Amino acid sequence: MVEMYELGRVELVQALGAAKARGVEVRVITDPTVKASRDSATKLDALAVAERPYPVDDGRHQIDHVKLLIADAEAAVGGMNWGRHSDRNHDYLLQTQVAADVDRLVLVFEQDWALAGGHPAPLPAWSGAVAQTFPGSGIRTVIEGAIGRAARRVLAEVYTLTDPAVIAELALARRRGADVRVVLDPNQEYNLHPHALLRAAGVDVRWYPVPIGVLLHAKIGLFDDELVLGSANWTLSGLGTNHELDIETNDPLVMSAYASRFETDWSRSHA
């Protein structure tokens, strides 16, 4: 099961076709607003792989921004597209074999598959580690709640951060005495005003040193002992309009790995 905003890597399309040829049930959902994904959908059809375009709402300027792979009893969720140059970007994903999380991710995929087939069947509310946006507002609830609970640290790397409520929560966490540090992508002009607001509130903010043609594409935060990452930018569209998917974990090894990587990224970034 694959749900991917930008699917443009020929070798991955071929790998999906090879899996289908050896008897694996393969289904793929793509966003029809992305040309590379439309082209890949045509190639998947030729390989007899079942694929459906997500029915985005053009009137709402919506996209299916999900990046999800489920393979047997494991899954990968994050911010990285399968585009031709996505591996150049600085990004994160979480690979999980936690049965409850994988089961919920399967249900999200089935929800989206049914919607793409013209038979919408939204899932009931869920308070577990998996959160989605549209349907629902689970990702906003998770992120705002995690920032609101943070007493010691908020360490975040975000491609685009413009949501007023999230900016306010970060400022409040800093006022409570938490170590709040945020790394942003300097190529996104939308980040300029939030950058100024956060600095005025005493939040440490830095720009990630991306070369030309490369993005800080991550959407990840460590809030005390909660790690949240996924496809949703911290924007009004990411938290309320697009179809997005995030996952939360408190696995000590995962949190330690990210905390170490964050410190490396922080030391390389500039004010």
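Let's start with a pair of residues: valine 182 stands opposite valine 205 in strand E10. The model you are looking at is predicted, and this pair is a handy way into one of its sheets, an open one built from seven strands. Another open sheet in the model is formed by six strands.

- From one strand to the next, the twist averages 15°.

**Around strands E9 and E10**

- Strand E9, which covers residues 179-184, pairs with E10 in the parallel sense, and four bridges link the two.
- Helix H6 (residues 192-200) packs on this sheet, where H6 touches both E9 and E10.
- The direction of H6 makes about 150° with that of E10.

**The six-strand sheet**

- Here the order reads E3-E2-E1-E4-E5-E6, again with mixed pairing.
- The edges belong to strand E3 (50-53) and strand E6 (93-96); each has a single partner strand, so one side of each is left without a neighbour in the sheet.
- In this sheet the twist averages 15° from one strand to the next.

**Around strands E1 and E2**

- Strand E1 (residues 2-4) pairs with strand E2 (residues 27-30) in the parallel sense, over three bridges.
- To find this pairing in the structure, look for valine 2, which stands opposite valine 28 in E2.

Notes: Residues numbered from 1 in each chain as written. Predicted model: local features only at pLDDT ≥ 70, side-chain atom pairs only at ≥ 80, totals over all residues. Heavy atoms only, no water. Pairing = 2+ DSSP bridges. Axes fitted to C-alpha atoms, helices over the stretch in contact; angles between N-to-C directions. Contact = heavy atoms within 4.5 Å.
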